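I opened the model today to look up a few things. My notes follow the order in which I checked them.

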Amino acid sequence: MRDAASANEAGAVRQSRRGGWKASALRAAIVSLALLAALYAWSRLQPHGAALHGSVLQPLPAPAFTGFTDTQGRVFSWRQQRGHVVLVFFGYTHCPDVCPLTLAALAQSLQRLGALRQRVRVVFVTLDPQRDNLPVLRAYLDDFLPDAIGLRGSPAAVAASARQWDISWRRVDTGAGAYWIDHTAAVTLVSPDGRLLLRYGYGQLTHPAWLADDLRHILEP
Amino acid sequence: MTQHSWPLAAWGGWAALIAALLLAYGLAAWRGRWPKWRAAVFGLGCLLTLVSAWGLHNPLASMTSYTIALMSMGQIVSPLLLLGIPPAVRARWHAPPHAWWSLWLLDAWVAAAVFVIVTLGINLPGVFNTALANALFSGPIGLLLLISGLMFWAQLLAGSTSLSARWIAGVYGWLGSLPMMIIAAVWVWSAQVLYTPYLDVLCLWNLSPLDDQHYAGLVMFAPGLPLQLRAAWLLIMPEGSTSAAPSP
């Protein structure tokens, strides 16, 4: 209690030394402005893309699709995609739910882009090369995104590529030769300079406006 | 592909901060023969700082655990560290040679402004998401919350306060806690996930991202309670004959 009493005595002279409420208000205003400026700078200096709806990735060069060909039988090259945002998705045509839903969500988002749509490409990489031959893959993509690039590789190439793109997957046998594939349902956004930028889980694609906003932000900085 | 944890240097920074705090406190406590219970409280505050830092190191793991760490830093660690120091010693902070910093850091107006801006500011998606994109950003955010918590709680404790009456301190504390409570309410009752990077991860305990956000809101209510209780105590309890400012 003595401590508190002596502490309160010190408080009596405190107000006069501090110059009253006007000086305090001025100090508070100065600190507020400085803090607001710092928070604004913080949000601007953050890792590129952190204000966007997708999850930010380290800006590494996008892994090459070694050993893959597209539905026209051509080798895929990142150099040919320069200047375009590329959305990469690993899936398979027999997928009952998340693949068609994701492709439909992508189509809805891209519809909102107007002229910018020309600067966005979608790459669908099949995790099921056994059943997804090139014509099957093409027909499947045509139902959602006719200009999407379908990629197919050998099982070894698929396994290596999925690892590089941080996609986990496993085959689940359901009997009588049938199977499905459990897999990461993520869309990876590659920037126009060929670097990893953002990643979207399915939940982040449920609002078409989110991806569309991010794409506009990237293509119209 | 993402930076989801802290490098060793970040851990070293927190450890160095706590070691410096303990060293400075130990010397002062030994010279001033401060009560042992205060030393124990201060030690507990340092321990909780480490525990909170652990919770900060991977913000994307779970919004709930991240919120626990942030709130603990601002609302549990701060008062513990201050209570570890006797009120008479805290009162000397207002006089030279401390006046140059206390003029700003122990000013009630400045403390309120900093506390409210930090509380609201770090929850804006543009700021909050920085730590979700790169865990390193959670360190400075935690430190900012600790400093703002120390500044605000100092106004509710004897000696360090600049407020002239208990009832003013009570109203001050209650008003200061409102932004925190509002954010907690938004998190609890929001129908959609506010920080979309959480949609791309499996949260701890298999919670859905929306459930995780709701629990984070509840968590924010809980560590906000000491502040509200302290404010209520200052408002309800009668002023002593010698006591103009809050105690202890």
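**Strand E3 of chain A**

I took buried to mean 20 or more other C-beta atoms within 10 Å of a residue's own, exposed 12 or fewer, and partly exposed in between, with C-beta atoms placed from the backbone. E3(A) is mostly covered, with 7 of its 7 residues buried. Strands (E, at least two residues) and helices (H or I, at least four) are DSSP runs numbered from the N terminus.

This is a predicted model, so I kept its limits in view: local features need pLDDT of at least 70, side-chain atom pairs count only at pLDDT 80 or more, and totals for chains, interfaces and linings use all residues. Residues are numbered from 1 along each chain as its sequence is written, and chains are lettered from A and ligands numbered from 1 in the order in which they are written.

**The sheet**

Next I looked up what pairs with E3(A). E3(A) and E4(A) run parallel and share 7 bridges. Val88(A) has Val123(A) as its bridge partner in E4(A). Two strands count as paired if DSSP finds at least two bridges between them.

What is the order of the 7 strands in the open sheet? I read it as E1-E9-E8-E3-E4-E5-E2 in chain A, with mixed pairing. Strand E1 (55-56) and strand E2 (68-70) are the edge strands, each pairing on one side only. Helix H6 (residues 208-219) of chain A packs on this sheet and touches strand E3 (85-91), strand E4 (120-126) and E9. The direction of H6 makes about 140 degrees with that of E3(A). Axes here are lines fitted to C-alpha atoms, for helices over the stretch in contact, and angles run from 0 to 180 degrees between N-to-C directions.

I then checked E8 (residues 186-190) and E9 (residues 196-201) of chain A, which pair antiparallel over 5 bridges. Thr188(A) stands opposite Arg199(A) in E9(A).

**The core**

The largest nonpolar core has 114 residues. Such a core is a set of buried Ala, Val, Leu, Ile, Met, Phe, Trp, Tyr and Cys residues joined through C-beta atoms within 7 Å. Those with the most contacts inside this core are Leu87(A), Val88(A), Val123(A), Val187(A), Ala111(B) and Val114(B). Helix H3 (residues 63-83) of chain B gives the most to this core, 12 residues.

Leaving aside neighbours within four places in sequence, Val187(A) meets Leu87(A), Val88(A), Phe89(A), Thr102(A), Leu106(A), Tyr200(A) and Leu205(A).

E6(A) pairs antiparallel with E7 (residues 178-183) of chain A over 6 bridges. Gly175(A) has Ala178(A) as its bridge partner in E7(A). The hairpin has 2 residues between the strands, and Ala176(A) takes a positive phi near 55 degrees there.

Trp42(A) lies in helix H2 (residues 20-45) of chain A. Why does Trp42(A) count as partly exposed? Because it has 18 C-beta neighbours inside 10 Å. Not counting residues up to four places away in sequence, Trp42(A) touches Val127(B) and Thr130(B). Both are among the buried residues of H7(B). Helix H7 (residues 125-133) of chain B is mostly covered, with 7 of its 9 residues buried.

**Domains and confidence**

Chain A is divided into domain 1 (2-45) and domain 2 (55-219), bounds that come from an automatic or database domain assignment. Their centres, taken over C-alpha atoms, are 54 Å apart.

Chain A has a mean of 86, and 88% of its residues reach 70 or more. Over residues 1-9 of chain A the pLDDT is below 50. Chain B averages 86, with 91% of the residues scoring at least 70. For the complex, the predictor gives an ipTM of 0.82 and a pTM of 0.72.

Notes: pLDDT = per-residue confidence, 0-100. Contact = placed C-beta atoms within 7 Å.
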